[in-house]
Amino acid sequence: MDAVLAQHIEWLDAHYAAGTFLASGRKVPRDGGVILAVGEDRALIEALVATDPFVRAGLTEYRVTEFLATTTAEVLAAHRRQLPA
């Protein structure tokens with residue numbers, strides 16, 4: 001992991017700059033991490049995480065969990081969604 005960490009951080013920074021990532025960090029205990037991302041659909045996020053240098057180096061796999069953020073802090077209001085009818 002340490003050998004690819006700088007590339008992973010650059011990858012994270014690029015997606016923060018693009019507005020796709022809202023928060024990320026290590027799990028406790030340190031057995032992985034979490035990224036809160038926004039995207040038009042699940043397929044786009046799955047394609048995006050496949051480009052993570054950790055994935056490309058065979059060091060990790062992602063489990064994408066899709067959800068509708070119906071309630072958020074005010075700072076995330078732009079990401080609120082309505083439940084489908």
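The legends below describe close-up views of aromatic pairs and salt bridges in a predicted model. Residues carry numbers that start from 1 along each chain as its sequence is written, and side-chain values rest on heavy atoms, with hydrogens and water left out. Because the model is predicted, local features need pLDDT of at least 70 and side-chain atom pairs count only at pLDDT 80 or more, whereas totals for chains, interfaces and linings use all residues.

**View 1. The tilted pair of Trp11 and Tyr62.** Rings of Phe, Tyr and Trp (its six-membered ring) are paired if their centres lie within 6.5 Å, and planes under 30 degrees apart count as stacked, over 60 as edge-to-face and the rest as tilted; by this rule the count comes to 3 aromatic pairs. The ring centres of Trp11 and Tyr62 are 6.5 Å apart and their planes stand at 55 degrees, so this pair is tilted. It links distant parts of the chain, with Trp11 in helix H1 (residues 5-17) and Tyr62 in the segment after helix H3 (53-56), 51 residues apart; helices are DSSP runs (H or I, at least four residues) numbered from the N terminus. Trp11 is buried at 8% relative accessibility, while Tyr62, at 32%, is partly exposed (buried means under 20% relative accessible area, exposed over 50% and partly exposed in between, with a 1.4 Å probe and protein chains only).

**View 2. The edge-to-face pair of Tyr16 and Phe21.** The centres of these two rings, Tyr16 and Phe21, lie 5.9 Å apart with the planes at 85 degrees, so the pair is edge-to-face. Phe21 is buried with a relative accessible area of 3%, whereas Tyr16 is partly exposed at 31%. Trp11, Tyr16, Phe21 and Tyr62 together form one aromatic cluster.

**View 3. The salt bridge of Glu46 and Arg42.** The structure holds 3 salt bridges, each defined as a side-chain nitrogen of Lys or Arg within 4 Å of a carboxyl oxygen of Asp or Glu. In the bridge between Glu46 and Arg42, the closest N and O atoms are 2.8 Å apart. Because they are 4 residues apart in helix H2 (residues 42-49), Glu46 and Arg42 are separated by about one helical turn. Glu46 is partly exposed at 36% relative accessibility, and Arg42 is partly exposed at 33%.

View 4. The side chains of Asp31 and Lys27 meet at 3.4 Å, N to O; Asp31 is exposed at 55% relative accessibility, and Lys27 is partly exposed at 36%. Glu74 bridges to Arg80, with the closest N and O atoms 3.4 Å apart; Glu74 is exposed at 62%, while Arg80 is partly exposed at 33%.

Conventions: Helices (H or I, at least four residues) and strands (E, at least two) are DSSP runs, numbered from the N terminus.
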